[in-house]
Structures are given as structure tokens and as C-alpha cells.
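This report covers selected salt bridges, a sheet and a loop residue. The structure is shown first.

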Amino acid sequence: MSETEHIIKLKGINKTFTRGKERLEVLSDLDLNIPKGAFEALMGPSGSGKTTLLNLIAGLDRPTKGSLEVAGQDISKLSDGQLSKWRSSHIGFIFQHFNLIPVLTAQENVELPLLLTKLPAAERKTRAATALRVVGLEDRMDHRPNQLSGGQEQRVGVARAIVHDPTIIVADEPTGELDRQSADEILGLLEKLNKEFDKTILMVTHDPAAAERATLIRKLDKGQLA
Amino acid sequence: MIPLSYNVRNLAVRKATTIASASGIALVVFVLAAALMLSEGLARTMQTSGTADTAIVLRKGNDAELSSSIEDPTVGIIRSAPGVKAKSDGTPMAVGETLVVAFMETSDGKGKTNVQIRGVPADVMDFRTNVKLDEGRPAQPGTDEVIAGRAISGRFKGLKLGDSFELRKNRPVKVVGVFSAGGSAFESEVWGDVDVVREAFGRRGVVSSVRVRLDSPSRFEGFQAAIEGDKRLGLVAIPEPEFYERQSEGTTMFITVMGVLIAVFFSIGAMIGATITMYAAVANRRREVGVLRALGFTRTNIVLSFLFESLLIALIGGAMGVVAALAMGLVKFSMMNFSTWSEIVFQFTPTPRILAIALGFGGVMGVLGGFFPALRAASVSAVDAMRD
């Protein structure tokens with residue numbers, strides 16, 4: 001596979017946190033290349049740096065050292081505002097705790113990323129409805145999160161992650177709060193997004209069954225890829 | 001931009017704190033609006049007392065009728081000055097009046113205050129055509145009969161139709177009529193015969209002021225030149241609207257300054273309330289803010305969203321305050337006019353400008369109160385918020 005086909009390119013990444021006088025090196029000299037259209041799972045023990053790595057790739061955090069090129073952009077050099085704009089275009093997030101806005105309906109939650117685009121209101125609503133149809137929730141569009149089951153909430157989360165057609169979907173323990181059946185449904189959706197819509201997906205998980213659904217499993221230990 | 005429905009619904013979710021914060025702001029807006037309405041009411045009452053084609057002549061150096069005195073022979077000179085309108089019978093339209101104050105007990109017996117007593121000539125109704133007798137009959141010239149203004153009739157002991165009171169000790173007068181004067185300050189006066197009043201108060205041979213009706217307002221300068229140009233007279237002529245504006249200046253300024261000061265002091269408390277509410281909102285929605293930041297909303301988006309929410313609380317409070325202040329429009333208010341040291345009755349008068357100022361003040365409180373919480377919300381890190 002040629003270098004240009006890699007959508008995520010990390011070289012010599014180092015991430016250190018400082019707590020009081022203590023310096024904690026979470027990622028050290030990490031290199032990682034992920035090709036476009038991949039569905040990769042990132043596993044490892046707690047504290048191994050999985051979520052930190054995911055946050056760096058998603059532009060939520062900055063490396064202490066190293067080069068970080070995602071979707072053709074060196075995001076370590078972007079300002080806070082530029083990084084926000086970049087995230088809104090290129091990244092779709094799926095969170096472990098769903099993180100839906102409680103006072104908004106399913107459709108309004110899904111519409112949120114589109115508010116950062118110049119799409120007219122009618123088009124935004126149509127796209128949000130389409131995304132909810134893709135995840136099988138077209139009959140729950142006007143429901144608020146507290147009126148949905150955990151599995152349904154996560155499906156709304158998936159719809160929110162895909163509605164603006166991002167380059168990469170990052171999922172942090174997307175099945176961590178779900179029962180087996182709901183987890184399978186979500187993983188099935190991720191597979192579908194990867195295979196049918198050619199989305200690049202990077203998933204952090206503790207669940208071996210979830211990881212097996214990915215096309216590649218990477219293991220992280222003490223801040224380095226095994 | 002974060003949808004406004006997000007903020008509106010969040011306010012609805014935490015109704016109790018929203019109403020508590022809004023109530024603080026409502027109080028401030030109410031106080032400010034009420035003070036300005038009061039000031040406006042007094043100014044309007046005084047302004048409606050003056051007409052553009054009328055001039056008032058006072059002793060030079062006196063800016064109030066109470067302290068002015070003009071001798072009877074001088075009244076004749078004023079009446080014959082150029083520009084003074086003539087009646088159909090050729091006599092000049094002018095009235096020489098004596099203004100004094102009587103210390104009277106309020107009808108509820110809770111206090112005493114000054115009431116203006118105006119000694120008027122027999123033809124005063126011809127001069128002041130907006131004065132109408134609502135009840136009873138006109139006072140007979142040369143007798144101990146008086147008529148009372150609509151605003152104070154019944155507010156003081158002895159001022160109801162048919163009642164009597166002592167103008168001075170052992171000088172009883174009887175109220176035989178109640179008059180209205182288009183809501184002007186005259187409605188806060190008692191009118192009696194000019195000779196009876198000045199005799200009772202030892203001011204025989206002098207009047208306090210002379211009012212003349214001019215052919216037109218444009219004749220004032222000529223009239224003024226004639227009156228003030230003769231240095232022997234020692235008089236000053238002022239257009240009546242300007243005279244009343246000056247009369248109300250001190251009191252309206254006092255009310256406005258007091259109202260604004262009270263509102264500013266109250267606003268500190270209300271802003272602290274709004275700030276605490278918004279800090280609590282930010283703390284409770286830290287994770288939501290983190291999610292919004294992750295999705296790509298900028299710090300500016302977050303600041304504007306929380307500022308809007310705070311502004312919304314302020315506008316709800318502002319609307320409550322304005323409605324309460326509007327209800328005050330139904331209330332008549334009496335207070336001392338500092339330029340005459342007499343009771344004057346007027347209404348809280350709302351105007352669109354006053355309501356806009358009060359609402360705007362509430363809005364500013366909301367924005368200031370929400371400013372620091374909004375900055376704190378914007379400083380929330382998406383990574384930290386979602387780790388909590």
C-alpha cells in the first residue's frame with residue numbers, strides 16, 4: 001500500500017501529562033499509519049493510552065512531540081478555531097456514554113454537526129432524517145434521549161457521527177454501555193458504514209468480540225503499539 | 001451556531017432557578033421603569049399646565065410664583081404691553097393671581113402637608129379654557145367660597161365638595177365645586193377669590209404672578225422686551241411651558257437620580273444572582289459543552305450560547321418588571337414638588353422610550369451577569385469534560 005493512501009499518519013508521537021510535579025508519559029515515540037477505508041480496533045489495558053491516541057487523531061488534543069497528519073492536514077499546527085472547523089468537517093464521534101443533548105430531540109441531536117455548515121434548514125432536516133433512517137430510527141425522530149433505550153441512544157449517536165459525511169469516524173468504547181444485542185446492532189452499523197459507505201473507522205474497545213468485527217486489531221501497551 | 005432552542009429548553013427544564021433569577025432582574029427593571037414613569041408623569045403634569053401662547057410674569061430674581069410679588073399698579077402696565085391678546089370686548093386677556101400654601105391634614109389623618117391655594121380673578125375660567133367644573137358650582141367672587149382641583153379633592157380633610165376648612169386661623173372657606181384641568185398641576189390646587197386669599201394671607205395690593213395670553217407664541221419676544229426692557233418694573237417674562245418645565249426640573253431630576261441609584265444598587269444583587277445561576281448551568285452542562293466542542297462548535301459559539309441564555313433570563317425578568325411597572329400606570333401618586341413645596345398629584349406615565357430603557361437595562365444586566373460563566377463554559381476542554 002503506498003504512503004499517499006494513508007489517511008492517518010503519525011510519526012514520533014509523544015504525549016506527556018503533568019500532574020503537579022509528576023510527568024506522566026502516556027504515548028512515547030509512536031508511529032502509526034492507517035489507510036483510507038480501514039476499520040481498525042485499538043485495544044489495550046486501561047491506562048495504555050488508547051483514548052489519548054484517539055483524541056489526538058480526532059483533533060481534540062495535541063501531541064507533546066511528533067508529527068500528526070490526518071485527512072491530509074498537519075493538525076498539530078492548527079489554531080483552536082481552525083481545529084474546531086477541521087473536526088466539524090472531517091471527524092464523526094461515537095462516544096461510550098452516547099453524549100446526546102438531553103433537551104434536544106433525536107433529529108435535533110443528529111442535526112447538530114450540520115449547524116456548522118452552510119446548508120439551509122430544510123436540507124439539514126432532510127439529511128438528519130436520512131441519517132436516522134440509516135440507523136433504523138426513522139420512527140423515533142421526535143423522541144428525546146430519555147425516551148429512548150440505550151441501544152437507540154447509541155444509534156442516534158451513530159447517526160450524528162455520519163450525518164455530515166465525515167472523513168473518519170472515531171468510536172470510543174461504542175458498545176461499552178450496551179447489552180450484547182444492542183452492541184451487535186451498533187457493530188453491524190459500523191461494518192455497514194465501512195463496507196457500504198467506505199468510511200474509515202477507528203474504534204477503541206475493551207471488548208474482544210467487538211474488536212473482531214474490525215478488519216485490523218492494534219494493541220497498545222504502555223504508550224506503544226505492540 | 002448552537003440552536004437557540006437548546007437554551008430555551010434548558011431554561012424550561014430548570015424552571016425554579018430561571019424564575020428566581022428572572023425575578024431579581026424583574027425587581028430592578030420595575031424600580032427603574034417606575035422611577036422613570038414617575039418622573040415622566042410629573043414632567044407631563046407640569047408641561048400640560050402651560051400653553052404655548054401664554055406668558056407668565058414674575059418679580060425678577062424669583063423663579064417661583066410663591067416667592068414673587070407684583071404690585072397692583074404694575075399689573076395694569078403688564079396687561080397693556082404689546083402682544084397681549086384682547087377679548088371680544090377689547091379688554092386684555094390677562095390674570096393676576098396670588099399663590100400661597102396652606103398646611104393641611106390628609107384625609108387619612110396620617111400627616112400634614114402643604115396645599116397650594118390660588119387666588120384667582122372672577123374671569124379666570126375665560127382665561128383657562130381647559131378648566132372644567134366637574135361637580136358643584138363656581139365660587140362666588142368676593143365670598144369665602146373655593147373650588148378644589150380633582151386630584152386633591154378628597155385627599156385632604158375639608159376638601160370634598162360641601163366641606164369647609166380654615167384658610168388661615170378663623171378664616172373658614174367652603175368647597176362649592178370640584179374642577180378638572182386636563183390632568184395639569186392646577187388639579188392639585190384650591191382656587192378662591194384673589195382678594196379673599198390675599199387678604200387672608202396679608203398680601204393685600206400684590207399678586208404673585210401675571211399671566212397674559214399673547215396674540216401668538218411668536219409675539220413673546222416683543223412682549224418680553226417691553227416687560228424686561230423697563231428696568232423700573234424689575235420683572236421677568238417667561239413662556240408658560242418653559243416656566244413649568246423649570247418648575248419640575250428639580251423634582252424630576254431627584255426622582256430620576258434616586259430611581260437610577262436604587263436600580264443600580266439592586267442590579268448588583270440581581271447580576272450576582274444571574275451569575276450564580278449561569279455558573280451552576282455551566283457546571284451542570286460541562287459534559288454537554290465538551291460534546292459541542294468535540295463536534296466542532298468554537299469557543300465563540302459556546303460564549304454566545306451561554307450569553308444568549310443569560311440574556312433570555314434577563315428579558316423574561318425584564319418583561320415581568322415592565323408589566324408590573326405598567327400596572328403602576330393605574331396608580332395616582334402624590335408627592336412634594338420641591339420648587340413649590342406643595343403637594344402635587346400625578347400618575348406613573350409609561351412611554352415606549354422608558355420601557356425600552358428599562359428592558360435594555362435588564363438585558364445589559366443579563367449579559368454582564370452571564371459574561372464570566374460564559375467564558376468559563378468556553379474554557380471547558382472537550383477531553384476533560386468527557387472524562388468527568
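A salt bridge here is a side-chain nitrogen of Lys or Arg within 4 Å of a carboxyl oxygen of Asp or Glu. The model discussed is a predicted one, and it holds 42 salt bridges over all chains.

B:R118 and B:E97 form one such pair, with their closest N and O atoms 2.8 Å apart. Because B:R118 lies in strand 4 (residues 112–120) of chain B and B:E97 in strand 3 (residues 94–105) of chain B, the pair ties together parts that are 21 residues apart in sequence. Buried means under 20% relative accessible area. B:R118, with a relative accessible area of 1%, is therefore buried, and B:E97 counts as buried at 1% relative accessibility. Both residues belong to a network of salt bridges that links B:E65, B:E97, B:R118, B:R128, B:E189, B:R211 and B:E240.

Another pair in chain B is B:D215 with B:R219, where the closest N and O atoms are 3.0 Å apart. B:D215 has a relative accessible area of 40% and is partly exposed. B:R219 also counts as partly exposed, at 35% relative accessibility.

## A salt bridge in chain A

In chain A, A:R213 forms a salt bridge with A:E191, and the closest N and O atoms are 3.2 Å apart. This pair links distant parts of the chain, 22 residues apart. A:R213 sits in the loop between helix 7 (208–211) and strand 9 (216–221) of chain A, while A:E191 is in helix 6 (residues 180–196) of chain A. A:R213 counts as partly exposed, its relative accessibility being 26%.

## An open sheet in chain A

Chain A has an open sheet of 4 strands in the order 2-1-4-5, with antiparallel pairing. Its edge strands, each pairing on one side only, are strand 2 (22–35) and strand 5 (73–74) of chain A.

Strand 1 (residues 6–19) of chain A pairs with strand 2 of chain A in the antiparallel sense over 10 bridges. For A:K9, the bridge partner in strand 2 of chain A is A:N33.

## A buried threonine in a loop of chain B

B:T349 is found in the loop between strand 14 (342–347) and helix 10 (352–378) of chain B. With 14% relative accessibility, B:T349 counts as buried.

The side chain of B:T349 reaches the backbone oxygen of B:Q347 at 3.1 Å. Leaving aside neighbours within four places in sequence, B:T349 is in contact with B:M37, B:E40, B:G41, B:R44 and B:I354.

Technical notes:
Residues numbered from 1 in each chain as written. Chains lettered and ligands numbered in written order. Predicted model: local features only at pLDDT ≥ 70, side-chain atom pairs only at ≥ 80, totals over all residues. Heavy atoms only, no water. Helix = DSSP H or I, 4+ residues; strand = E, 2+ residues; numbered from the N terminus. Buried < 20%, exposed > 50% of the residue type's maximum accessible area, 1.4 Å probe, protein only. Polar contact = N/O pair within 3.5 Å; in protein donor to acceptor, adjacent residues only side chain to side chain. Contact = heavy atoms within 4.5 Å. Pairing = 2+ DSSP bridges.
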